[in-house]
Amino acid sequence: MSLFKARDWWSTALGEKEEFDQGCLCVADVDNSGSGQDKITVGSYMGYLRIFNPHPVKPGDGMQAEDLLLEVQLRDPILQVEVGKFVSGTELLHLAVLHCRKLCVYAVSGTLGNVEHGNQYHIKLMYEHNLQRTACNMTYGPFGGVKGRDLICIQSMDGMLMLFEQESYAFGRFLPGFLLPGPLTYSSRTDSFITVSSCQQVESYKYQVLAFATDADERQETEQQKMSSGKRLVMDWVLNIGEQALDICVVSFNQTSSVFVLGERNFFCLKDNGQIRFMKKLDCSPSCFLPYCSVSEGTINTLVGNHNNVLHVYQDVTLKWATQLPHIPVAVKVGNLQDLKGVIVTLSDSGHLQCSYLGTDPSLFQAPKVESREINYEELDREMKELQKIIKESTKTQDILPKSEKGYDDLRIMAEVSPDLDVVSQAIDSEVRAEAVPSVTVKITLQSRLAVQKTKLSICVQPPLALTHDQFIFDDIESGRSKAVALSVFLKGNCPPAELEGNAVASYSTPTDLNPEGIPRVAQCKFRLPLRLICFPAQPSKTANHKLTIDTNKPPVSLVNLFPDFADQSDEDQVNVLGFQFLTGSRITLLASKTSQRYRIQSEQLEDLWLITKELTFRLEEHFKKENSKDFTCTFSGSVPLQEYFELIDCHFELRLNAEKFEELLSERAIQFRAIERRLLTRFKDKTPAPLQHLDTLLEGTYRQIIALADAAEENQANMFQAFTKLKSATQLVILLISLWQKLSTDQVAILEATFLPLMQDTQELVRICEIY
């Protein structure tokens, strides 16, 4: 056992599955016993308040029943506990408990017990303040130099400092430039509040400046208030420390005060005017700290706990001691317990509370003697031979998964898309309002190298595209044999798809000697659908709301050569301009510059530009690849259409909110419908008939409301699907433009797609009550 482990004097575990943080621990004489013995007060996020008075028989003992003076469950989570002179008319110590929306001040007292159970402790609520804003943390002290009492300052989550003069609310002030709350403390020497803002700056505000600043309820400053310097909240001093702060503390010693700030990588010691006294770079990520005065040495020491379960003791910047803890401390305090001064009290986030001291007393543990027994060498030799036999057999047997030849799979899957559209369209139940909805045939071939079994083929395309068949099941496929299936793809929904790609996946099993049932495996391949499936040639449009320009480093290519399936070879006008029209009605125009190396795509809708832009860049790359041109690149130098993209996001979000509203209304009407049904059934079953009191009319009206809401929800669901498809197309377009603009690599584009593109369908389940009834 290491000599540098913290010596366990007393420890306990608090509750089950409770959470704690740095404000949940306080060590003070909370019951005003006058003996100088501190008590440990702990609050949890589950609302439990506990007060301990440890007195172990010998060091290292666990908690006894009499160590717990008080345990009470409050209704709200406890954010912070502090002990001070919080009640007017008396200088006794009281307990302040900070909740999310409430501040409570309690008096802790005990009554002498006349039986063996000992003394009984209870708390009495002295006063409470209901907060109008959600609290984050608090600090206390003699604000303004008052004598014999402590005032409380609470920092809210939106940056308001609320000051309470004990039983009454004083005033509130908003911190300037606030974004996120940080640690807060009070310096009595300078009568200032010190905090660390989200700008990574230590800021100090005088109490007098806060008191005379503009009231927090009047955030809209008038011109007269802006001109008056006495009405504005200004900082006393500010210091940029370059990192976020975990905690802040003020220590006064020898008629001077120092501000200690614990950062994410360093801890700082500042003078009371904001100048750096010293700083120390930490080797490990800290979790909590506590500066304290060492009366015997005449210096200020600092306890720093880190995430390596180590507690360091620093004297200024010099490391004096390091001790190992059994947990990661989130709060650390020093107190006087049972006539033992300087006991270190630590608390973990899971509720491990420990009182320890620093020392090097060695452990006197001795290993017990093992009972001697005679060794049976014959039995050991027999066991060794059996183990060697098992090892030898396992190395001879084949692997669980059969090894395939290099470059070959047991089952290969190939997809072949027909270059021409089907003569007779196979489109079924299409919602497209076009004269004819084309379809294209895709042939899927499965070629087996080994014998496979339980083969199942699944084909998937992204809606609004649809398939005539999406699943095929085969019997066992013999070695060297192949299976082929044909299916058709067509546009079913009344909106352009976000991508023209499909995926074929085959799941199968390969039998082995060890596993006759077969080892499950998967093979897959992707296929690309033609652009003619969703659009046809049309007259170019001269006007458009949205335009994109793609630059290249090669001479312009004739659009007749790039799009032979859309252009008329005899029409010379289509060399530089080409028109596309989606089956849903949208029209897109593609222009090639005669003099410069540019291509322009324009349309009335932003999302309609995606497929044509993608097809243009793809065909340009294929064209120059055939000419063995390896340095061809496409670039984009215009502005990314973010405003139009944000409008699509807002439209989709609004439809999702409508879907939730329809779901709530349907649930309410369904409950009402069932309640009316129960009333009617009770009336009908009654032997003495009673009047219906218009329950039948109410039932019929509720039924009509349910049908109307269900129809509206179904229509909203269809609109939300179209908005989702448009948003996905626009997202892919924005990613393509960013990749061309910044010349991103394939891996970088994949990261963008994984971040912004949804991989799943936008299917929000709505309760269709009309189908139930």
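This briefing walks through side-chain contacts, ring pairs and cysteines in the structure above.

The model is predicted, so local features need pLDDT of at least 70 and side-chain atom pairs count only at pLDDT 80 or more, while totals for chains, interfaces and linings use all residues. Residues are numbered from 1 along each chain as its sequence is written, and side-chain values use heavy atoms, with hydrogens and water left out. In short, the structure holds 17 salt bridges, 18 aromatic pairs and zero disulfides.

**Salt bridges**

- A salt bridge here is a side-chain nitrogen of Lys or Arg within 4 Å of a carboxyl oxygen of Asp or Glu.
- In general, side chains of opposite charge can pair when their charged atoms come close.
- Glutamate 18 and arginine 50 make one of these bridges, with the closest N and O atoms 2.8 Å apart.
- That pair links distant parts of the chain: glutamate 18 is in the loop between strand 1 (7–13) and strand 2 (25–28), arginine 50 is in strand 4 (residues 48–52), and they are 32 residues apart. Helices (H or I, at least four residues) and strands (E, at least two) are DSSP runs, numbered from the N terminus.
- Arginine 50 also meets glutamate 71 in a salt bridge, at 3.1 Å, N to O.
- Since arginine 50 lies in strand 4 and glutamate 71 in strand 6, this pair ties together parts that are 21 residues apart in sequence.
- Glutamate 71 counts as partly exposed at 43%. The cut-offs are under 20% relative accessible area for buried, over 50% for exposed and partly exposed in between (1.4 Å probe, protein chains only).
- Lysine 39 and aspartate 29 form another salt bridge, at 3.4 Å, N to O.
- Here lysine 39 sits in strand 3 (residues 39–43) and aspartate 29 in the loop between strand 2 and strand 3, 10 residues apart.
- Lysine 39 is buried at 4% relative accessibility, and aspartate 29 is buried at 13%.

**Aromatic rings**

- Rings of Phe, Tyr and Trp (its six-membered ring) pair if their centres lie within 6.5 Å; planes under 30 degrees apart count as stacked, over 60 as edge-to-face and the rest as tilted.
- Among the 18 aromatic pairs, phenylalanine 143 and phenylalanine 193 are edge-to-face, at 4.7 Å centre to centre with 70° between the planes.
- Phenylalanine 143 is in the loop between strand 11 (135–141) and strand 12 (151–156), while phenylalanine 193 is in strand 16 (residues 192–196), 50 residues apart.
- Phenylalanine 143 is buried at 1% relative accessible area, and phenylalanine 193 is buried at 0%.
- Phenylalanine 566 and phenylalanine 580 are also edge-to-face, at 5.0 Å centre to centre and 65° between the planes.
- Phenylalanine 566 comes from the loop between helix 4 (559–562) and strand 40 (577–582), and phenylalanine 580 from strand 40, 14 residues apart. Both of these phenylalanines are buried.
- Which residues do ring pairs link into a cluster? They are Phe143, Phe171, Tyr186, Phe193 and Tyr207.

**Charges over rings**

- A charge sits over a ring if NZ of Lys or CZ of Arg is within 6 Å of the ring centre and within 35 degrees of the ring normal.
- Arginine 532 lies over the face of phenylalanine 566, at 5.5 Å from the ring centre.

**Cysteines**

- A disulfide would be a pair of cysteine sulfur atoms within 2.5 Å, and the structure holds zero of them.
- For cysteine 293, the nearest cysteine sulfur is that of cysteine 249, 9.4 Å away.
- Cysteine 293 is partly exposed at 30% relative accessibility, whereas cysteine 634 is buried at 12%.

**A proline contact**

- Proline 77 lies in the loop between strand 6 (68–73) and strand 7 (80–84) and is partly exposed, at 32% relative accessible area.
- Proline 77 and methionine 46 are 31 residues apart in sequence and 5.3 Å apart in space, C-alpha to C-alpha.
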